[in-house]
Amino acid sequence: MALEKASKNRPAVAHMAEAARSRWSKLAAGDAYKSDGPASAEQMAYAALLDIGMKAGLVAMVVCFALYVSGILPAHVPLETLPRYWSMSVHDYLEATKAPTGWDWTRLVDKGDYLNLLPVAFLATLTIVCYARILPMLAARRERIYAAIVIAEIAVLLLAVSGYLAGGH
């Protein structure tokens, strides 16, 4: 009985799988992005994702800042003590506040002042996400040169984000 039922459902499952493959193919090819003007499908896809990410980042910045200034989350450097540090050099500030350098700030995202850096980091990496979005579109259209440029852009941005190129600290 179960075998009979499974064989009856096979065409429906195959149809669903084909529909899913078709949707992914259309997404990768960028068929969902059409323009009335001179913008390409890749530009439209990049812009659509950037628009969503920018709005999400802006909302996150407002929320994180509100958590910080309201005191809901404690700060690593209390807001009321900040004026004391304004005239210090960076070296003196880091020493006086025991503030982290590089990516070490990520260990302090439970503090209101460092939580504010999370949406900034998100917005800074959004370009990488947008480039990654258009890469399959370029591959589907066999745009090898543009795909290579996008891969190089992603590699350079990831290298910059990694901190390997940072001097000083």
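Modeller: The answers below cover the source, the cores, the pocket, the salt bridges and a few surface features. This is a predicted model, in which local features need pLDDT of at least 70 and side-chain atom pairs count only at pLDDT 80 or more, while totals for chains, interfaces and linings use all residues. Residues are numbered from 1 along each chain as its sequence is written, and side-chain values use heavy atoms, with hydrogens and water left out.

Biologist: Which residues touch the most other members in the largest nonpolar core?

Modeller: They are Tyr46, Tyr131, Ile134, Met137, Leu138, Val150 and Ile154, in a core of 13 residues. A nonpolar core is a set of buried Ala, Val, Leu, Ile, Met, Phe, Trp, Tyr and Cys residues joined through side-chain atoms within 4.5 Å. Buried means under 20% relative accessible area, exposed means over 50%, and partly exposed lies in between (1.4 Å probe, protein chains only).

Biologist: Now the largest pocket. How much space lies in it?

Modeller: The largest pocket holds about 180 Å³. A pocket is an open set of points on a 1 Å grid over the protein atoms alone, where a 1.4 Å probe fits, with protein on both sides within 12 Å along at least five of seven lines; lining residues have an atom within 4 Å of a point. Its volume is the space filled by probe spheres set on the points, which are joined across faces, edges and corners.

Biologist: Which element gives the most to the lining?

Modeller: Helix 7 does, with four residues. Among the lining residues are Glu42, Tyr46, Tyr131, Ile134, Leu138 and Val150.

Biologist: Glu42 has a charged partner, I gather. What does the side chain of Glu42 meet in a salt bridge?

Modeller: The side chain of Glu42 meets that of Arg141, at 2.7 Å from N to O. A salt bridge is a side-chain nitrogen of Lys or Arg within 4 Å of a carboxyl oxygen of Asp or Glu. Glu42 in helix 2 and Arg141 in the loop between helix 6 and helix 7 are 99 residues apart, so the pair links distant parts of the chain. Glu42 is buried at 13% relative accessible area, whereas Arg141 is partly exposed at 35%.

Biologist: How many salt bridges does a search of the whole structure find?

Modeller: The search finds three. Lys55 pairs with Asp51, their closest N and O atoms being 3.0 Å apart; both lie in helix 2, four residues apart, about one turn of the helix. Asp104 pairs with Arg107, with 3.6 Å between the closest N and O atoms.

Biologist: Changing topic, where is Lys98, and is Lys98 buried or exposed?

Modeller: Lys98 is in the loop between helix 4 (90–97) and helix 5 (112–115). Lys98 is exposed, with a relative accessible area of 63%. Its phi is positive, about 55 degrees, although Lys98 is not a glycine.

Conventions
Helix = DSSP H or I, 4+ residues; strand = E, 2+ residues; numbered from the N terminus.
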